[in-house]
Amino acid sequence: MILSKLHLENFKKYTSYDIEFGEGLVGIIGKNGSGKSTLFEAILFALYGEMKNRGNRELIRNANASAKDAVVVELEFEFENILYKIQREFRGKSLTANAKLYKNEELTTSGAKEVTAAIVNLTKMSRDAFMHTLFASQKELTSLSTLKNEDRKKMIRRLLGLEKIDFIENALVEKSRQLGREIKAFDEVLLSAEDAKEKQEQIEASQATKEAFAKEIEFKSKELETIKLHEQKLKYELEILTKTKEQKQKLFSEFELIKNTKSLELLNEAKLIAENHELEHKQQKLQELSHFKTEYISLQEELKTQEKLKEFHLKKEGLNKELVQLREQYTKGKNDIGALESACGNYDALLLNAKNLEVTLAILQEQISAKYTIENELKAEIAGEQKQIAVTNEKIKNLRELGSDSACPTCTRPLLEEYDRVINALVEAVTNTHQKKISEYQKQLQNVLTQKSAFEAEKKLKEKEFLELSNTLKVIESKLRDLKMAQEHFKQVEQKGLKNKEELKALEQYAYDEKLHESIKTSFTLLEPHYKHVISLETELKRAPLVKAELTALIKKIEELTVAEKAKEAEFHLVIYDDVKHKHTLEEHEATLKTIETKTTFLNEIKVQIATIEGVIKTLQSALLHNETQKKKVQTKKEDLVDYEKIKTSLAEFKTRLNAKIAPRISALASEMFVQITKGKYQHIEVSNDFDFFIYDEGKKYPIERFSGGEIDLANLVLRIAISKTLTELSGASSIGFLAFDEVFGSQDEGRRMEILEAFHTIKEQYRQIFLISHEMEIKEMFEKVVEL
């Protein structure tokens, strides 16, 4: 596999980036945080759809990208002289994954999982195998020699993928131990042969007891059925006797009800006859007193007429009194209106004067503001001239302090013979120019201040005059409001007076006699008790027709009740009921029920015993069945244990053969490169089966720790490359043509870095591409191709 091109969009720190890798020794150079390692994370992601460190998918998207922006990674690579292209992308807020694989620009596979499976099938390597085979970091190189024996062994086994075999072996051991514990536990709870035989005998004895109880139940059940038939016969006789008794009692109750109802109706008949006689007497009385009603109604009408006349009389007196008051209000209102009209006569002239004063005040204010503006401008001019005088005086002072050898303040040339002339010119500028301007400005300022004072004095007088005039107008405006109210009140009084006169004219036709009114009231009062008595009699007599109708209906009802009473009595005597026989049958039925209950209880007790025996039998049978089932399970577990032991033995043999093959192969590959890099100084690197490293110096074997730091770095490098080659051979991926090393220089000094670079140049013929990631900018000239980030 040779990497050709990589295109990134919104992937981690890259918004949009394209890179062509090239062949040979390729340096990827950039400062820390520039995204060097991210490029190889993108390569791993393109091939297998996963990052180096699995985690939150959202971290893949560029921080500046929106949820709508797609994350795109495209990788082009050559494999066995065929051009491949992978395109992976995440889209949408939920980062939905999609992928496509092209072979010679023709789409062959679609879908994230499908493309990953196709890459694994093509390269013969999983994601972890690919990462351990082709990528190495400075930490891994250093760890090869610095880690303790056991930790180094674990690290190399992880790189070679052997930890999976270790995991399976450990799982087999644990499973064997677990099976052994389970078999031992089963042996402790399984029944012995004697226990099983004893339980079978208990089942047979219980079956015999159950059959004996069943025969007894059959006999007792037949006896109980005979008694129950007799009980049903007695029950039927009791039902007939009970119905007869209930019928007899019902007829007697109905007879007593008719009899009592008839007695009550006879009492009601007597009351109605007495009430009817009383009403006939009251009818005669009403005829004698009927003239009182006529007289009362006549007097009532006359009294209403007198009340109406009295009401008109009182209204006439009230209107006359009100007319007197209205005349007084009319005269007073007329006088008030005249006085207010006189007081408000000059309002319009005063209002015009006030408006003229407002205009005058506004003009004066504008004139004062204009003077203020001129005053401020003159003061600013004076201040400017005074500042200029101060600047000029400062120049004169400086020149006098410096002497005739000083430079001109304008052109900076030496003054020499011009010294006195310059000082005199500056003094003259102060006296004749600036001072004269200040004097002129001050005269103008004094005139302005005088004019401003005159305007302000005039404005003050006008403001006082305006205030007095405003107060006078407010008083007049108040009187105008009073005048309006007085006019409205005068109009209302005038209208009310006219209305009262019209009403009095209409009331002149009515005359009221107080004595006649009192006489009618006296007669009305004397007649009122007689009238009320007549009304009471009329009310009571309204019931007379109802009483007669009720009496007629009641007489008819009494006759019907007499007939019904005789019929019900005859019906009662026709029903025959024997109370003694009823009691005897009831006692016999109760005794029979008790016998049935006793025998039923006995049968139930036997059934309970049978159920108990059946439960015992079922428990014993279940125990025997469970024992047989558990025995089969134990046998299955024993067979599984034998199988696990066979697998463990085979796996141990496989590990031994694999270790025997891997360690020599790593030694051979590493030795070949080490001899080449050291130019024959060292003959061999040995890797033991426990992955301890030794270097042969002049035919003698020494631990790697004996050698210098630079030699150890080179040994670590060739060992890591040998491990990668061995991994490639084990996976069957013979067409992987590149390696990548991340920060292999670490904190090495310049000499060590150069040695490592020379080593890479020495072995580069073995790989078409070797990528070195580094932040060391000064080594970029050592590479055939440089990608600078």
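1. The protein chain has a mean pLDDT of 82, with 92% of its residues reaching 70 or more, and these values should be read with the reminder that this is a predicted model. Confidence is lowest in helix 4, which covers residues 138–146 and has a mean of 60, and it is highest in strand 7, residues 106–110, where the mean is 92.

2. On helix packing, two packed helices are described by the angle between their axes and the distance between the axes. In this model helix 7 (residues 193–343) packs with helix 11 (residues 544–574) at an angle of about 155°, and the axes of the two helices lie 8 Å apart. Helix 7 is therefore roughly antiparallel to helix 11, since an angle over 145 degrees counts as roughly antiparallel.

3. The crossing in which helix 7 passes helix 11 is left-handed. Sorted by class, the residues in the contact of helix 7 with helix 11 comprise 17 nonpolar, four polar and 14 charged ones.

4. K31 sits in the loop that lies between strand 3 (24–29) and helix 1 (36–48). Its relative accessibility is 63%, so K31 counts as exposed, the cut-off for that class being over 50%.

5. Concerning the surroundings of K31, and leaving aside residues up to four places away in sequence, K31 touches K36, H775 and L789. K31 and A429, by contrast, are 69 Å apart in space, taken from C-alpha to C-alpha, and are separated by 398 residues in sequence.

Technical notes
Residues numbered from 1 in each chain as written. Predicted model: local features only at pLDDT ≥ 70, side-chain atom pairs only at ≥ 80, totals over all residues. Heavy atoms only, no water. pLDDT = per-residue confidence, 0-100. Helix = DSSP H or I, 4+ residues; strand = E, 2+ residues; numbered from the N terminus. Axes fitted to C-alpha atoms, helices over the stretch in contact; angles between N-to-C directions. Parallel < 35°, antiparallel > 145°, perpendicular 65-115°, else oblique. Left-handed = near helix turned anticlockwise from the far one by under 90°. Nonpolar A, V, L, I, M, F, W, Y, C, P; charged D, E, K, R; others polar. Buried < 20%, exposed > 50% of the residue type's maximum accessible area, 1.4 Å probe, protein only. Contact = heavy atoms within 4.5 Å.
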